Amino acid sequence: MKPVLSVREVWVEFRLATGSPRVKKSVHALRGVNFDVFEREVYGIVGASGSGKSTLLKVIMGFIKPSMGTIEIDGINLLKVDRETRKSIIKKIGYVSQNPLTAVDPRFKVKDIIAEPLKAAGVPKSDIVKILPTLIEAVGLTPEVMELLPYELSLGMLQRVVIARAIAAKPRVLLLDEPTSALDSVTQSHITVLLRELRELFGYTSVLVSHDLRVVSRLADKLAIMLAGLILEEGLVADVLNRPLHPYTQALIDSLKLKEMKEVLVADPRVCPYYTNCTQRLEEKCRVLPPLVELSNTRKVRCWLYA
Amino acid sequence: MVLNVKKEFAVQAEALSLGYEDLGSVFWAVRDVHLEIERGSSLCIVGESGSGKTTLGNAIAGLLPPYVRVAGKLVIEGVEVIKDSRVIGANKIRGRIVTKIPQNPATSLNPYVRIEQMFYDVLRDVRGIREKRIAREEISKLVSAVGLEEDVLYMYPHELSGGMSQRVTIALALASKPSIIVADEPTSNLDAYLKGHIVRLIRDLSDKFGISLVVITHDISITEVVCKDMVVMFLGEIVERGHVKDIIRAPLHPYSSELIEAVNLESASYKPKKYAGGCVYHARCPHASNECLKPPPLLKLSDGREVKCWRQAR
Amino acid sequence: MNFTRVSNKGRTTLWRCLRRTDFKVGVTIIATLTIIAILSPVITPYPDEGVGLITEAAKQRGPQPPSLKHPFGTDMVGRDMLSRVLIGSRYSLIQTTLVIFGSLAIGVILGVLAGYFRGIVEAVVNYAIELFLLLPPVIVAAALSVAIGPGMSTVVLSLILTWWAWYARLAYIQSRQIRELDFIKVSEALGFGRVYVAFRHLLPNVAPPVVVQSMIDTASVLLEIATVNFLIGSVSASLDTPDWGMMIGYGFRYITTYWWMSFFPGLFLVVTAFGFILVGDAISEESSPNLRRRWRQWF
């Protein structure tokens, strides 16, 4: 079975602003990321800020150009085709971003915000009027909100609007970038429940990114752990949570119990990114970046303990 | 250095109401709150956005804006801050007796100033330490107390990671040698991974220096680690109060239960209805009945436990 | 305790402004002026003289100080000053409005195009902005009057040329900031053309603060127009057009004797400018939430 979304060897480099024009400092936000997402699958990525997880979604959406790699949707490489084809494919990607306030035009009414993807897809106005109420209900809102402006809604309601817009045109792939991180605990719960319901109902092929392991474990089928632009571990959600292989994964699971954790500061890119914090590190060996090893069809890990 | 805790109160609030004036009308963000925090103790104010917790925390920190309307009484470490519907003592306590750890460390630090300079300013203005040598010693102690390296001092705020800037704001709050620290959503802007660390740090430092702690949060899961007592707020009112352990183990108010369920991302959504008077939580409550259209009485149970709910009144 | 849920609904900027004394005073002044401007041919005692005709009666009169018959006196050729000043209100309002609209329209559009499309468009527009910001309105007016002849349109045109750059710069800065926000990128990703995104999403969000700025500028524009016209008036041998600035300028040489010829147009000019300042201040304060004063101390 072929994957819907296929990401291969994606590298993204950011040039840093330094005082002198001759000194070129750059940082790699993504270092050779590889993964596949299959039909109706939710691929979850957990990582701290700076791990590259948001950059990854922006690369898929076309907001950022990678220095290397391929992004394939239904076999078509987005980075190699002409602009028109690429535009027609990206049209079919739904995107939910972290901050609902900047995700919507503050001067558009809710109904126009949600209708935009339908308009872009060429759906006639008469049909849009019929589809809108269904979408509004699907995300748990009442029809009155259609006439409101974003500033009149709470953050939770606004995020629902953003979700409605993302699913409006029946997207081929749904990308969710930290959909709950800007919300308070109760609203986080509500939105997670909503996303669960939508998953049961529609089953969109999705990539979900978050720093919060709870959210991803509730919604995803597969789980990948990212740090410093690299995938450190990947597998089925239940598998990774019950039998974590990488020491960083174990640390993330422990942090859920609010244990004392040391902040992970990644220094040298040639060294395993978890080197400074790892309690199980092998002094000499771990100074070299371990390769990603496939232990089975659905299990990968990047650690010398298993290589 | 552990302070000998006397039975004096760090914070005392009586029938405290806080509102915001806007061209004639007043929006009451906090209504009729009674509060007592013993010296050296710790209290978590838990609620979602709009509950009034931030306003209450700001009142304790002496940080209310000029267009605030007040009623009731607020006494901080013996200083009358709010009395006779006026804010009178805020200037005396702000930054000296009470300091606040702000919610978003990245935007709370002046981007044009080096971290070192920020410490010098606080030490000079609040504690009157002008000699560089003495100041430097103090700064070293503060920086190591929060677990940072000295090279942080020479950086600008944008060069710090999230965890580092949060620890800098904690150290700055400690620099004034306050009696009370108000931590405003200390974990909301951090990765989930660092929550435990920051929260334990705040807890340990308060114990070590004998500082009374007030933590404002929407995440009830951190309360067990950081506080002894807790008040749960909803739409400006305190709906439950008691020891953290008791409430977590056996919550009496349905909103407390909702907050606890939210930790596991399990609470289902109820359509919000309009506030029709009576119990503030009535519109969202799964157990609401006609009785709830009348405001429920405050029930005082044993061991400092209080709850405002008709179901408990029976 | 009164539990009033404050929502921003219905509390538009206009609503807030209507509650301010300064706004009410300013609006009254401007409204009065507008009514005068519209009705002037009907309400003035000597409409022909007001427009500039030298009637027989005027010739008989000659320059006269203020009296019951001519409350504002008469000008050098005997025309009633009250009528001229009242009709002059039209000129001030029309010129000011044209300059504001024209410079806003050009400035905002160019600013948005520069901020959105970047590259060459950005470079060219920014260069033009820098250039035009250097031009003093009087010199431009003088140069234009040589090129296309003197007159009202020259004055208006030269002021549009000097003011558009100011709004273009403001619009450019706003555009740069807003274009990085998610909703713009999402719209682009949905496949909408760049022109659609620029004019449907970017411009409506960029325009409001720039428009607010133009309201604060109205008084300055009015006075700048008057200045240019003043200089024209002061070097004119004779003056028919009842423009306030020109009248002040023309009458300036007689200020020690026939003082009323400059004084009354000047008075109206100052009061009008004051009205615009009050309105502009009120709007600017009420439309930016952080500048808004939520409590009144004295004004």
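What percentage of the 299 residues in chain C are buried? The figure is 43%, where a residue is buried if 20 or more other C-beta atoms lie within 10 Å of its own, exposed if 12 or fewer, and partly exposed in between, with C-beta atoms placed from the backbone. Before going further, a word on the model: it is predicted, so local features need pLDDT of at least 70 and side-chain atom pairs count only at pLDDT 80 or more, while totals for chains, interfaces and linings use all residues. Residues are numbered from 1 along each chain as its sequence is written, and chains are lettered from A and ligands numbered from 1 in the order in which they are written.

Let's stay with chain C for a moment. Its secondary structure comes to 12 helices and zero strands, and reading along the sequence gives α-α-α-α-α-α-α-α-α-α-α-α. Helices here are DSSP runs of H or I with at least four residues, strands are runs of E with at least two, and both are numbered from the N terminus. The C-alpha trace of chain C spans about 75 × 65 × 30 Å along its principal axes. Take the contacts in chain C with a separation of 6 or more: 66% of them join residues 24 or more positions apart. Two residues are in contact if their C-beta atoms, placed from the backbone, lie within 7 Å.

One helix pair in chain C is worth a look. Helix α5 (residues 81–117) and helix α8 (residues 152–178) of chain C have axes that come within 6 Å and cross at roughly 35°. The axes are lines fitted to C-alpha atoms, for helices over the stretch in contact, and the angles run from 0 to 180 degrees between N-to-C directions. Ala, Val, Leu, Ile, Met, Phe, Trp, Tyr, Cys and Pro count as nonpolar, Asp, Glu, Lys and Arg as charged, and the others, Gly among them, as polar.

Now for how chain A meets its partners. Its contact with chain C takes 19 residues from chain A and 16 residues from chain C. On the chain A side, the elements giving two or more residues are α2 (83–90), α3 (100–103) and α4 (110–120), and α4(A) has the largest share with three residues. By class, that side has 10 nonpolar, three polar and six charged residues.

Turn to chain B, and the contact takes 27 residues from chain A and 31 residues from chain B. Here α7 (185–202), α8 (213–219) and α10 (247–255) of chain A each give two or more residues, with α7(A) giving the most, eight residues. This side of chain A has 10 nonpolar, 10 polar and seven charged residues.

Chain B itself has a mean pLDDT of 88, and 95% of its residues reach 70 or more; pLDDT is the predictor's confidence in each residue, from 0 to 100. Over residues 1–6 of chain B the pLDDT is below 50, and this stretch has eight contacts in the model beyond near neighbours in sequence.

Helix α7 of chain B (residues 195–209) passes a simple length check. Its 15 residues, at 1.5 Å a residue, should span 21 Å, and its end C-alpha atoms are 22 Å apart, which agrees; the expected span is 1.5 Å times one less than the number of residues. The buried residues of α7(B) are K195(B), G196(B), H197(B), I198(B), V199(B), L201(B), I202(B) and S206(B). What covers them includes α10 of chain A, together with elements of chain B, among them β3 (42–46) and α6 (162–175). Just after α7(B), G210(B) takes a positive phi of about 65°.

Most residues other than glycine have a negative phi. K177(B), not a glycine, has a positive phi of about 55° and lies in the loop between α6 and β8 of chain B. It counts as partly exposed because it has 14 C-beta neighbours inside 10 Å. In chain A, E9(A) has a positive phi of about 45° and lies in strand β1 (residues 5–16). E9(A) counts as partly exposed, with 13 C-beta neighbours inside 10 Å.

Finally, L223(A) sits in strand β9 (residues 222–227) of chain A. L223(A) is buried because 25 other C-beta atoms lie within 10 Å. Leaving aside residues up to four places away in sequence, L223(A) touches G44(A), V46(A), V216(A), G235(A), V237(A) and V240(A).
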